[in-house]
Structure formats: C-alpha cells, structure tokens
Amino acid sequence: MAQPLVKKDDDRDDEMDYSPFMGIEKGAVLQEARVFNDPQLDPRRCSQVITKLLYLLNQGETFTKIEATEVFFAVTKLFQSKDVGLRRMVYLMIKELSPSADEVIIVTSSLMKDMNSRTDMYRANAIRVLCRITDGTLLTQIERYLKQAIVDKNPVVASAALVSGIHLLQTNPEIVKRWSNEVQEAVQSRAALVQFHALGLLHQIRQNDRLAVSKLVTSLTRGTVRSPLAQCLLIRYTSQVIRESGMNNQTGERPFYDYLEGCLRHKAEMVIFEAARAITELSGVTSRELNPAITVLQLFLSSSKPVLRFAAVRTLNKVAMTHPTAVTNCNIDMESLISDQNRSIATLAITTLLKTGNESSVDRLMKQITNFMSDIADEFKIVVVEAIRSLCLKFPLKYRSLMNFLSNILREEGGFDYKKAIVDSIVILIRDIPDAKESGLLHLCEFIEDCEFTYLSTQILHFLGNEGPKTSDPSKYIRYIYNRVILENATVRAAAVSTLAKFGAMVDSLKPRIFILLKRCLFDNDDEVRDRATLYLNTLGGDGSVVETEGEVKEFLFGSFDVPLSNMETSLKNYIQDPSEESFDINSVPKEVKSQPLAEKKAPGKKPTGLSAPPSAPASAADAYEKLLLSIPEFASFGKLFKSSAPVELTEAETEYAVNVVKHIFDNHVVLQYNCTNTIPEQLLENVIVVVDASDAEEFAEIASKPLRSLPYDSPGQIFVAFEKPGGVPAVGKFSNVLRFIVKEVDPSTGEAEEDGVEDEYQLEDLEVVAADYMLKVGVSNFKNAWESMGSDFERLEEYGLGPRDSLTEAVNAVISLLGMQPCEGTEVVATNSRSHTCLLSGVFIGNVKVLVRLSFGIDAQKEVAMKLVVRSEDESVCVAIHEIVASG
Amino acid sequence: MSAFSISREACPTIKNILLLDSEGKRVAVKYFCDDWPTNAARLAFEKSIFTKTQKTNARTEAEIAMLESNIVVYKFVQDLHFFVTGGDEENELILTTVLQGFYDAVALLLRNNVDQREALENLDLILLCLDEIVDGGIVLETDGSIIAGKVATHTMDDGSPLSEQTISQALATAREHLTRSLLR
C-alpha cells in the first residue's frame with residue numbers, strides 16, 4: 001500500500017457532521033487524478049480518486065468540457081490494470097462522463113475486448129457501457145456480439161444485452177429489430193429477469209404490429225411466465241390487446257379475462273395488484289367482471305403494509321368514479337382507514353367514501369371528517385373539499401349540513417389555496433342550489449370580515465355585488481360590505497365601493513342610503529377608491545332620489561368587458577404610438593378572438609373554476625359563446641342564445657386539419673360554429689369556407705356564412721354558418737360538410753407563404769342536429785316538490801319496449817343522452833344486479849319550458865328492457881314532443 | 001379510457017433512486033429521466049420529498065407518498081432515508097420491490113451498519129449498487145443479495161466471501177477501511 005497509515009483522530013466520533021468527503025474540492029481532486037497516469041498503477045488509490053470524482057458529480061458539481069476530457073483520457077489509461085474493482089469503477093466513471101463521439105473511439109477497443117472476456121462481469125458491464133456511449137455506426141460492428149450476449153447462458157450478461165437493446169431501440173430501431181429471433185429465444189429463458197427484459201424488448205420491437213402482439217400474448221398467457229415482473233408486463237400487454245380487440249359478441253365473453261382473473265390468485269402481491277387494476281380499467285367493465293378484483297383489493301385494505309393499503313384505496317377511488325355501487329362493499333374497511341397514519345391513504349379513503357356514500361350516510365360521514373380535518377395538510381384538505389362539493393351537487397337536499405361543514409372549515413386556519421378551494425365550492429353550491437344561496441352568501445360575508453387574502457376578498461365582493469341584490473333582503477349585506485371600506489386595504493376598498501354601487505343600482509329602496517355611504521368614500525385617501533365613488537355617484541344619478549336605474553347604467557355596472565384584453569392592449573399601444581386629436585374609441589378594437597379560448601373547455605374532467613368563471617355558472621361557456629356570436633353583426637339579430645352544444649369532432653384525431661363544431665341554438669335560428677385547426681406546418685390555408693349540404697334537413701335554410709380569411713399553422717380559427725328554422729320547434733336534420741379552401745405552401749425555414757395557392761377541399765364527417773340539442777340540462781334540488789308543484793295538468797304517460805340491452809345501466813344512459821336532460825338526485829346510477837330502476841330527469845326545453853321526466857325501467861331474464869315514461873311540463877305540446885323524441889329514438 | 005398512454009404499456013419505469021441523510025443532504029442519488037433537468041430542480045425535489053416525509057414513520061414498513069404527480073416509496077434506517085420514485089401510473093408494489101432490493105443490498109454491503117458515515121465511507125459500493133439495480137430507468141435486478149453479490153465480487157480482490165476471510169485478512173480489511181476513511 002502506497003498510502004501511509006494515518007493515526008486515528010481521537011475526537012472524530014464526537015463530531016456529528018463527520019464525512020470522509022468533508023472539505024473536498026474539485027480542483028484538488030482533479031490534481032489527484034494524475035495518479036491515473038502513473039506507470040505503476042495503484043488500483044486502490046485510483047479507485048478512491050474515482051470515488052471522489054463520482055462523489056463530486058453526484059453532489060451536482062459539473063466539469064467543464066476541458067476538465068471532463070482530461071479526466072476521461074486519464075481514466076482510459078486504467079484499462080491497463082487487471083484489478084476487477086478498479087475496472088468496475090472505470091465503467092461507472094465512463095458512463096457518468098458520457099464522452100463525445102470522437103472520444104468514444106479511444107475506449108471502444110478496450111470495451112470490445114472486455115465484451116469478449118471470459119469474466120461474466122466484464123462482459124455484462126462492458127455491454128452496458130458500450131451501448132450507452134455508442135452511436136449507430138459502431139453498433140453495426142458490435143451487433144454480432146450483442147446477439148450472442150442475448151442468448152448467453154449467464155443471466156447477467158443476457159439481461160445487460162436485452163436492457164441495452166431496449167434503450168437502443170429508441171435511437172437505432174432498424175438494427176435492434178433484427179435481433180428478434182434471439183430475443184424470442186431469451187423469452188423462454190429460465191432466468192426470471194432475463195425473461196422480463198426479453199419480454200419488454202420483444203413487445204417494444206413488435207408494438208406496432210397488433211397481430212404479433214396478440215399472438216405473443218396468446219402464447220404466453222398459456223405458458224409459464226416465471227418472474228412476477230414479467231407477469232406484470234404480460235398483464236399490461238394483455239389489457240392492451242383486450243382494449244384493441246373489443247368484446248366477443250357471440251358469447252359476450254371478454255377474451256383473456258380468464259387469464260387476468262387467474263392472476264388474482266398469483267402468489268406475488270405485485271401481480272395480484274397489477275391484474276386487479278387491469279380489470280378495473282377494462283372499458284365497459286361489468287360488475288360481474290369487477291367483483292373478483294374488488295374482493296382482492298378489499299383484502300389489501302386491511303394489510304399491515306402501507307404501500308398495499310395505498311395502492312388498493314387509490315384504485316378503488318378510481319373505480320368509485322364510474323362504478324360507485326361496486327365499491328360500497330368495502331365501505332367498512334374504508335372507514336377504518338380514515339384514521340390511517342399515512343394521510344394520503346386517509347384522504348383517499350375519505351374521498352372514496354364521499355363518492356360511494358348514499359344520502360343517509362352523509363351526516364355520519366361528515367362527523368368523522370370533521371375530526372379528521374384538523375390534522376391533515378392543506379393539499380389533502382383541498383381534495384376533501386372538492387369531494388364534498390361534488391357530493392353536495394349529488395345530494396342537494398343535504399346542502400345544509402355540507403354548507404355548514406364548509407363554513408366551519410372556512411373559519412379555521414389555512415393557506416390561500418385551501419381557502420380558495422372552499423370559497424370556490426361555496427360559490428358553486430350557491431349557483432347550483434338556489435336554496436343554499438342566502439346561507440352561503442352570509443357565510444362568505446362572515447369570511448371576508450376576517451380574511452387575510454386580498455384576492456379572495458375582492459372576488460367575494462364582486463360575487464356578492466352580482467348575487468346579493470337578488471336576494472329577499474339585500475340590506476343585510478350592506479353592513480359587511482361597508483365594513484370593508486372602513487377596515488381594509490385600498491384594493492379591497494375599491495372592490496367594496498363597486499359592490500355598493502351594484503346594490504344601489506339594483507335595489508331602488510336602498511339607493512338613498514347607498515348614496516350616503518358612497519359620498520363618504522369620496523374622502524378616501526386612495527385615488528382608485530375616490531375615483532370609483534365619484535364615477536358611481538354620477539352614473540347612478542347623483543341627486544340621491546329614488547329613481548329607476550336605467551338599463552344602460554345596469555349594463556355598465558354588470559356587463560362584462562366584451563373586448564378581448566389582448567386586442568385592447570394592442571389597440572391602446574398603437575394609439576399611444578401614434579397620438580391624434582381624436583379620443584380613443586373602444587369600438588375600434590377588433591372583437592374577434594385570435595386564438596380560440598374555448599378550445600380548453602374540451603379538456604375532459606375540467607371542473608368549473610368557481611370565482612374566476614363568470615357569474616351565471618353552468619352557463620359560463622354559453623356566456624362566452626354568446627359574447628362571441630353577438631360580436632358578429634350578421635347574428636346580432638337572432639336574439640338570445642338558448643343553448644350551445646359541446647363541441648362535436650368532425651375529423652379523426654391527428655388528421656391534417658382538425659375540425660369540431662359547436663351547435664348554437666336560437667329560437668328561430670341555428671348557428672354552426674366550426675373550429676378549425678391546421679396541423680401542417682408547411683401549409684397556409686386561405687378563404688376557408690365550410691360548404692354545408694342541408695338536403696337531409698328540410699326545415700333548415702342557410703341564410704348566412706362567415707368564412708375564415710386565413711388559417712395559419714396551429715392557430716385555430718372559426719367559421720360560422722347560420723340557418724333559419726321554424727320558431728320554437730325542435731327541428732332535426734342531418735348536415736354533410738366539406739371544408740373548401742386555397743392552400744399555399746409555406747417555407748418552414750422562413751415562415752413565408754408562396755404567392756400562388758391551389759384550391760382544395762376536405763371531406764368532414766356529417767353532423768346531426770338532434771332533439772337533445774333543444775334541451776338545457778337544468779337540475780332541480782328537490783325533485784318531489786318540483787314534480788308536485790308542476791301539477792298533473794299536462795301529464796303524459798306512455799310505455800315503451802327498448803328491446804334487448806346489455807344492462808339496465810346501458811338502457812338508462814341511452815335514454816338520458818337521447819333526451820339530453822339532467823339526472824336528479826343521483827338517479828342515473830343503477831344499483832348492481834337490480835331488475836328495475838327509476839330515474840328522475842329535469843331540463844328546460846326550447847321556449848324556456850320546464851320539463852320533468854320520471855322514467856321507470858324494468859329488465860327481464862332475456863334482457864328485454866321495458867320503460868314507462870311520465871312527462872310533466874308547463875306546456876302540453878312539449879310533453880308530446882318529449883314522447884315523440886323517445887318514440888323516434 | 002385512453003388516459004393511460006404508452007407509458008403504461010411499456011416497462012415499469014423508475015424515475016429516480018435517492019439516498020439522503022437525516023438532514024435531507026445527498027449521500028448518493030441517481031436520476032433516470034428528464035423530469036428534473038437541472039441540479040437545482042433535483043435539489044428542490046429532494047428537499048420537498050424530504051420535508052414531506054420527514055415526520056412519518058417509515059422504519060418498520062416502507063411508506064408511500066404522492067408528490068408532483070409522482071409516487072414515492074420510502075424507508076428510513078437510522079440516519080439514512082431511502083427513496084424510490086416512479087410515475088403516478090406505476091404499480092406501487094413494483095416500486096416497493098425496487099426499494100426493498102436497494103435497502104437489502106446496502107445492508108448486506110455495509111454489514112448491517114446502515115448509517116450515514118458507513119455509507120459515505122463505502123460510497124463506491126453504494127454507487128455500484130445503484131448501477132446494478134436500475135439501468136436507464138429499467139429494473140435490472142430486485143433481489144438484494146444478488147445485487148450485493150454483484151457489487152461485492154468486484155471489490156474483494158480474491159473474490160472470497162466475507163465469512164471465509166481469516167482474522168488477519170479481516171484486520172487488514174479493517175485497516176484499509178480506516179485508511180480510506182481518513183483520505184481527504
């Protein structure tokens with residue numbers, strides 16, 4: 001040993017922060033690395049220096065290009081040493097340094113020598129290093145050795161080659177694909193992990209060949225797969241095959257389901273869980289298929305291992321979203337998890353219970369949650385709040401206890417995101433459950449009395465200004481609002497002044513008193529607050545008398561800003577740059593939205609965003625649409641927008657042009673809004689129109705069309721086509737659409753389009769206007785009351801046979817989507833295995849006619865479904881129309 | 001149900017393996033994906049996962065947490081914190097198997113003295129151990145004794161297992177360890 005023995009430092013043990021690397025410096029270590037060049041190599045010393053270098057890299061230290069090159073060349077010298085340990089460190093160092101192509105050549109021959117060495121460890125590691133640093137040209141030279149290595153009898157060598165193959169497939173697929181014979185042989189290996197790696201590689205080689213994947217799965221599910229990891233892979237591939245093949249319609253059996261179910265009895269928990277999860281994620285999974293998976297997950301719930309409990313409860317939580325009834329069996333185990341040490345598990349258990357709970361269990365559940373809320377982190381509380389919000393929307397009758405719960409937690413300590421989640425939830429409940437309005441508003445008022453977040457205060461004040469005046473006793477809110485003017489910072493004071501003004505404008509009896517309050521605000525020490533007070537005093541008619549507030553003033557106070565802010569900003573900048581005598585005219589700002597803000601609405605699972613959405617909540621998308629349509633002069637005369645449908649895709653995903661359409665229904669008109677996106681960077685489309693053939697829609701006549709002047713790459717644009725139709729009638733029809741345009745080549749390097757274009761057209765899918773388009777989904781909080789108060793004057797009852805169906809759920813969903821109405825009180829969920837079901841629907845039909853529907857379903861042993869449909873509405877003709885929809889659907 | 005994309009059909013993937021000390025400082029870490037491209041981002045992730053798990057008791061059984069839509073399984077032993085991170089669609093139990101393999105191997109290599117000082121003094125073994133568990137995100141081996149075996153054959157010059165060493169050899173090994181530990 002060249003290293004002198006150092007005497008042990010006596011007080012070293014007392015030193016808490018002791019580290020062998022203490023005070024280590026990059027410069028010094030790089031100096032030390034010179035020992036690599038010694039003619040007489042000391043392997044141990046060299047290993048130590050490499051360890052130090054690796055330590056530095058691991059701590060996030062970086063080497064400059066020159067330093068890295070120097071170290072690399074020095075390290076290559078170490079291939080001379082025969083020391084196994086040192087060689088291993090050399091491999092590690094080379095991988096960490098990731099040398100450049102011209103440097104790689106230096107070590108290639110050394111590594112290739114090691115690859116053919118008799119020592120298995122050398123072989124395995126040299127393969128991994130070489131494949132990590134190599135490029136395509138070198139790969140062809142060593143391909144022969146890699147193929148041999150794949151079928152090597154040493155499992156470590158085989159695994160090294162297979163895993164390297166998986167990585168190389170990303171960069172050199174054509175080479176790796178030539179190895180499939182060897183890989184296939186390795187799949188039969190007796191070594192567990194070799195089989196796993198071979199299966200992974202084989203699947204990736206064949207992943208684009210459905211038939212091959214299906215064959216692979218068929219043969220392996222019958223054979224023996226040894227390692228649990230390989231079994232997990234096979235389960236994943238199997239569910240992929242199931243997804244692509246669909247149901248076997250003759251027998252109603254799902255292919256490979258037996259295999260998945262068999263895996264539930266595997267001895268490795270990893271495999272059991274993978275299979276259970278795969279079953280729960282099968283599309284259109286039936287409760288019979290689901291049951292065995294739920295049973296094993298339920299067993300996991302009471303495991304002593306936190307990871308197992310977490311995995312199970314997380315999966316059940318997902319199942320509860322689609323099949324709440326299937327999970328109810330686990331409720332008892334789930335309830336005991338509420339007190340779980342691991343808070344992630346407890347939160348998942350709570351939210352699952354909230355999803356599966358029924359109306360009667362709400363109160364008991366809320367008690368348990370109240371105890372639980374005090375000792376979890378904010379991020380979990382937010383999840384709980386969101387779950388409670390959806391529970392409340394599901395059981396509107398329970399709003400009282402749920403609203404109380406929300407207001408209680410609102411009073412407790414919490415960060416901004418948590419408070420915002422609560423406030424958002426209360427706001428959404430106020431909008432969707434009319435009965436909850438007054439109490440909800442008061443809770444919000446109490447909250448702003450002691451609210452440390454300016455943002456929330458101003459948002460609540462704004463909301464209060466819109467909703468407060470419409471309540472039975474608006475005057476009780478004034479005190480809370482005016483307190484803000486006295487107590488808060490300038491931003492909140494200004495918001496409070498605006499809110500006061502809104503009360504003044506809407507509630508004539510309060511006007512004189514509001515005036516007094518506003519006049520006091522004239523002496524505020526903040527400009528904005530004074531300005532607002534002055535402005536509102538003038539707009540409301542400064543004399544303080546009790547007069548009707550004019551519509552124009554209301555529009556000014558309540559109307560939202562209908563000019564896109566980015567357009568406004570550009571216009572103002574232009575105005576400042578080019579000063580003129582004329583004052584700025586807001587009407588000169590273009591109203592067309594450049595990018596399409598509504599596109600994001602399509603994102604599935606997007607929740608209403610509470611305060612940030614415009615006031616009339618569920619209609620927030622509709623509001624934006626209405627603004628957009630009114631800004632187009634041709635459509636301004638159509639009157640009030642009744643309903644806008646969700647976007648319907650008219651093209652397949654990933655085609656050249658992506659087009660979807662939104663159907664806007666007016667009393668006498670229908671406007672089709674085509675949202676188009678050009679997905680080809682080399683093209684610019686001009687004069688884009690949609691040619692609509694309405695020959696299959698007799699009652700519709702095209703009256704206007706608004707083309708798109710240009711459609712550049714990846715910036716969506718809209719085309720509108722308007723039709724006239726008979727007033728108040730739910731006219732239906734089918735439209736075929738063709739996109740017609742002039743296409744111009746664009747040079748991708750400069751982004752400039754060529755002068756000349758070619759006319760071209762693109763066939764879109766057909767579009768149907770159906771009866772459901774004339775129905776607004778509007779829920780009622782208490783269906784029984786609404787049903788009784790509607791009276792049976794125009795009640796219509798009819799029975800229908802729906803023919804054979806897969807299940808009651810399918811029949812119920814089909815009728816709901818046919819009618820396009822809102823299911824009430826959670827009745828859209830059919831209990832497992834039940835033979836009959838009652839579903840309550842409500843909605844508003846075109847012409848603003850309220851409609852309530854009670855559906856009773858029954859299914860017999862031959863799966864024949866019969867349905868009784870009772871309609872009540874304020875208009876007899878609507879009742880008839882509803883039956884016509886069902887009869888013709 | 002198209003939400004689970006390619007990643008679910010591909011191999012189980014490990015995003016990183018971390019070994020931190022009782023103050024959240026790095027002992028050894030290895031990242032296998034580009035989710036945290038810079039050292040700063042990595043340190044931030046380590047800090048947040050350390051703070052989040054610090055107060056939990058993961059000494060007898062491995063624990064689990066979600067962070068930035070990743071799943072992290074972890075286990076604490078003395079003043080060492082072991083973490084394994086995977087994507088949020090990953091099978092939790094696979095991650096745990098990797099964690100257990102890592103821990104078992106480290107315990108074998110450090111002869112059951114699993115603490116920060118011992119780990120730093122044998123950092124080469126820890127780094128080799130990380131290298132043998134996962135390669136570029138793909139699980140190489142999960143059995144702790146096999147991993148330790150692979151690492152150990154490189155370090156023992158004569159290749160004989162510890163139990164067969166003579167006392168003088170053991171003393172020599174101890175002396176070497178001491179020497180190495182004092183190298184600055």
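A nonpolar core is a set of buried Ala, Val, Leu, Ile, Met, Phe, Trp, Tyr and Cys residues joined through side-chain atoms within 4.5 Å. Buried means under 20% relative accessible area, exposed over 50%, and partly exposed in between (1.4 Å probe, protein chains only). This is a predicted model, where local features need pLDDT of at least 70 and side-chain atom pairs count only at pLDDT 80 or more. Residues are numbered from 1 along each chain, and chains are lettered from A in the order in which they are written.

**Exercise 1.** Describe the largest nonpolar core.

Step 1. The core has 249 residues.
Step 2. A:F36, A:I369, B:I17 and B:F82 have the most contacts inside it.
Step 3. Helix α3 (residues 92-109) of chain B gives the largest share, 11 residues.
Step 4. Another core, of 66 residues, lies apart; A:Y674 and A:L767 are among them.

**Exercise 2.** Find how α26(A) and α28(A) pack.

Step 1. Locate helix α26 (residues 454-467) and helix α28 (residues 490-506), both of chain A. Helices are DSSP runs (H or I, at least four residues).
Step 2. The angle is about 5 degrees, and the axes are 8 Å apart.
Step 3. α26(A) is therefore roughly parallel to α28(A); that term covers angles under 35 degrees.
Step 4. The contact residues divide into 6 nonpolar, 8 polar and 1 charged.

**Exercise 3.** Is A:Q188 buried or exposed?

Step 1. A:Q188 lies in the loop between α10 (180-187) and α11 (192-206) of chain A.
Step 2. Its relative accessible area is 56%, so A:Q188 is exposed.
Step 3. A:G223 is 35 residues apart from A:Q188 in sequence, and 9.7 Å apart in space, C-alpha to C-alpha.

Definitions and conventions:
Heavy atoms only, no water. Axes fitted to C-alpha atoms, helices over the stretch in contact; angles between N-to-C directions. Helix = DSSP H or I, 4+ residues; strand = E, 2+ residues; numbered from the N terminus. Parallel < 35°, antiparallel > 145°, perpendicular 65-115°, else oblique. Nonpolar A, V, L, I, M, F, W, Y, C, P; charged D, E, K, R; others polar.
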